[in-house]
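Subject: structure handover

Hi,

Here is the structure I promised to pass on.

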Amino acid sequence: MATAEMIDLLVRTYQHELLCYARMLLRDPDAAQDAVQHAFVALARRPLDGLDNPRAWLYRVVRNDCLRQKRKKARVTYMERIPESPEEAVPPADHELAAHDDRQVLREAVDKLRDNWKEVVILKFQEHLSYKEIAALTGLSVSHVGVILHDALLELRRNCRKELIS
């Protein structure tokens, strides 16, 4: 079992960045909090010997929990209400105004990426993980992480230019 002092240190060190990561994956602060809490509870229940990189292990547990939550949500999405008229489906005027904000354009472009590309981009540029850490977390090779980042950045550049020009 992990010691209370060690868990406290890891919580203080990594909780904020894990919450940001989970929020980006889930877009739901409460669900993100649940995923991070689950990771720290799991950490407290396991021996720390043999755990070379607690940060990578925590990211993996959070990632897996977020993916589980997304799968669960996808199963019930079909039951959500479909708009009855075209007017109900139109985004509010505020959304159209925000679309011209560069950061909003970038967020929307990131959201349009394939899920695995989006995850790698978030881990690299928001969480500042190395290629090696991303590879360990996602199960990809280090070189594949580089290829995904290259392709994702090209796609982001194209999509952002397209949005900003129109």
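First, a term for what follows: a residue is buried if its relative accessible area is under 20%, exposed if over 50%, and partly exposed in between, using a 1.4 Å probe and protein chains only. Keep in mind that this is a predicted model, where local features need pLDDT of at least 70 and side-chain atom pairs count only at pLDDT 80 or more, while totals for chains, interfaces and linings use all residues. Numbering starts from 1 along each chain as its sequence is written, and side-chain values use heavy atoms, with hydrogens and water left out.

The overall picture

The protein chain has nine helices and zero strands (DSSP runs numbered from the N terminus: H or I of at least four residues for helices, E of at least two for strands). Of its 166 residues, 35% count as buried. Taking contact as heavy atoms within 4.5 Å, residues 24 or more positions apart account for 66% of the chain's contacts with a separation of 6 or more.

Helices α1 and α2

Helix α1 (residues 4–26) and helix α2 (residues 29–44) have axes that come within 8 Å and cross at roughly 145 degrees. Those axes are lines fitted to C-alpha atoms, for helices over the stretch in contact, with angles from 0 to 180 degrees between N-to-C directions.

Salt bridges

How many salt bridges does the structure hold? There are eight, counting a side-chain nitrogen of Lys or Arg within 4 Å of a carboxyl oxygen of Asp or Glu.

- Glu17 and Arg55 have their closest N and O atoms 2.8 Å apart. The pair links helix α1 to helix α3 (residues 54–77), 38 residues apart, and both partners are buried.
- Glu119 pairs with Arg63, with the closest N and O atoms 2.3 Å apart. Here Glu119 sits in helix α7 (residues 115–126) and Arg63 in helix α3, 56 residues apart; both are buried.
- Glu155 and Arg158 bridge at 2.8 Å between the closest N and O atoms. Because they are three residues apart in helix α9 (residues 142–165), about one helical turn separates them. Glu155 is partly exposed at 25% relative accessibility, and Arg158 is partly exposed too, at 47%.

Salt bridges that share partners also join Glu17, Arg55 and Glu133 into one network.

The aromatic pair

For rings of Phe, Tyr and Trp (its six-membered ring), a pair needs centres within 6.5 Å; planes under 30 degrees apart are stacked, over 60 edge-to-face, and the rest tilted. The count by this rule comes to one aromatic pair. Tyr21 and Tyr59 have ring centres 5.1 Å apart and planes at 55 degrees, so the pair is tilted. Since Tyr21 lies in helix α1 and Tyr59 in helix α3, the pair ties together parts that are 38 residues apart in sequence. Tyr21 is buried at 0% relative accessible area, and Tyr59 counts as buried at 1%.

Cheers
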